[in-house]
Amino acid sequence: MTDQDDTIATITAGYAFTGPAVELGAAVVAGIAHPGARVRVPLGVLNRHGLVAGATGTGKTKTLQLIAEQLSAQGVPVFLADVKGDLSGIFAPGEPGERVAARAAEVGQDWQPGGCPAEFYALGGIGTGVPIRATITDFGPTLLAKVLDLNETQESSLGLIFHFADQRGLELVDLKDLRAVIQFLTDDQGKAELKRIGGLSAATAGVILRALITLENNGGAAFFGEPAFDTADLLRITSDGQGVVSLLELAAVQDKPQLFSTFLMWLLADLFHDLPEVGDPDRPRLVFFFDEAHLLFTGASKAFLTAITQTVRLIRSKGVGIFFVTQTPRDVPADVLSQLGNRVQHALRAFTPEDAKALKATVSTFPRSSYDLDQVLTQAGTGEAVVTVLGEKGAPTPVAWTRLRAPRSLMAPIPEEAMRTFVANSPLFPTYGTAIDRESAFEKLTAAQAQVEAPAEPAQPPAPDEPARGRAREEKPKPGMVEQMMGNSAVKSMLRSMGTQIGREITRSLFGTARRKR
């Protein structure tokens, strides 16, 4: 038996799983694909997370499309963050052609066109899709502080602001609500209330307000609001047992990485909060794919990186898998990278000394194999990758140079008009399609201020037989702004109703998000 035969036999045995799996392709030895040496990923290990990496144009997007459509077919819902906007064709059957037929023949694939049940989303309606929004209250102070990159003192001050709003029934729906509460507490009208909750310095309030304005300018005004999205809608399975593929269009917010990271933190935290512990199920409950993952981490705050690392580590036990899709493993922080059990590494380029250093670092992270990975990773063609995943017992599989299968769905974006029609007919559009601006903290505080500033009725002169009472009324000192506001009957009524509306502070989860009734 030759060395090549040994390699083929090793790969064939290493990927011979007994349970359901996602088919990636056929092992390549000496440049030839061997259909009998199938390279696969067990469904049961996809909640151990993964990485799809490679240079531009090597086929990363098609790889995640290939995996996503097979997950859907086997009843696993999928979430795709579509940064470039070229995954929308996943719901439509693919188009046969010579290249597809040739690839299918090489890897032993019985290729048939087929689409997936899909749903298109957009952050706050920025782009084409069912709008995804969250309220400030749902986000919570801990998570929001991480997004705003606040220090510990500023974070505790933000917690006091949320505490006050919770106790007074001032619903924090959008960014203007939070700004209104901060401004109330730091103005003359709210000093008495501020003293009761422990104080908030003007400097700290200014930092928080400036951070909120920055977030608002980066698209936060569109994301925060109502109707709030229920993340349970990402877990839908069709009546015929297929998982729904949720595509979040991010092409319109590529230049707003803070908005994207804000959404990601909230989404994962909300799912972590709501989903029960399941340990290691035979198949994941949901799998995420974040394309162009470097957008998440470039310039990210330490708090954000800590939160992502913690989430990736813990959410596995909820049956949720996360795949990061990017150009080089270096785009993903080391603490996150160490949590990724499945690797699909497309070709890398080594045009510069820095590229060569990155190539060497990537090769060093793979298990020992018979391949010369320095050579393979610079010569692999489009649609080929070096693969190693976790087997059914949790041990890494042999390294396999793999010629990947062709996706069955359309490998091109659909026309914009067709997508608009698809979104308009979505069963979720009536629920989330139209923004709601109901009465919340901003409106309540504005109404209270208007009551205080309303002109007083002209004073009546004292009756002739009541000179003493008239003089006493004239001599009584004029109440200050706080006394006016707190003594006003309308304000008293409002505060009483606010106090009884909630009655207690909202319980918040490990990640700082609010508990919502489902």
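Which residue stands opposite Thr 388 in S11? That place is taken by Arg 343, and this pairing is a handy way into the sheet that runs through this structure. Please keep in mind that the model is predicted.

- Strand S11 covers residues 384-388, and five of its five residues are buried, so the strand is largely enclosed by the rest of the structure.
- In a regular strand, side chains alternate between the two faces of the sheet.
- Here both faces of S11 are covered: one side carries Glu 384, Val 386 and Thr 388, the other carries Ala 385 and Val 387, and all of them are buried.
- On one flank, S11 runs antiparallel to strand S10 (residues 342-345), and three bridges join the two.
- Along that pairing, Val 344 stands opposite Val 387 in S11, while Arg 343 faces Thr 388.
- S11 also runs antiparallel to strand S12 (residues 400-404), this time with four bridges.

**Helix H6 from end to end**

- Helix H6 (residues 152-168) has 17 residues and reaches 24 Å from its first C-alpha to its last, close to the 24 Å expected at 1.5 Å a residue.
- At the start of H6, Asn 151 brings a side-chain oxygen to within 3.1 Å of the backbone nitrogen of Thr 153.
- The buried residues in H6 include Leu 158, Ile 161, Phe 162 and Phe 164, and polar Gln 154, Ser 157 and Asp 166 are buried too.
- Just after H6 comes Gly 169, which takes a positive phi of about 70°.

**Backbone details in the loops**

- His 49 sits in the loop between strand S2 (32-42) and strand S3 (50-53).
- The phi of His 49 is near 70°, a positive value in a residue other than glycine.
- With a relative accessible area of 1%, His 49 falls under the 20% cut-off and is therefore buried.
- Glu 292 belongs to the loop between strand S8 (286-290) and helix H11 (294-297), and has a positive phi of about 50° although it is not a glycine.
- Glu 292 has a relative accessible area of 14%, so this residue is buried as well.
- The peptide bond from Glu 226 to Pro 227 is cis, with omega near 0°.
- Pro 227 lies in the loop between helix H9 (202-223) and strand S7 (245-249).

Methods. Residues numbered from 1 in each chain as written. Predicted model: local features only at pLDDT ≥ 70, side-chain atom pairs only at ≥ 80, totals over all residues. Heavy atoms only, no water. Expected span 1.5 Å × (residues − 1). Buried < 20%, exposed > 50% of the residue type's maximum accessible area, 1.4 Å probe, protein only. Polar contact = N/O pair within 3.5 Å; in protein donor to acceptor, adjacent residues only side chain to side chain. Pairing = 2+ DSSP bridges.
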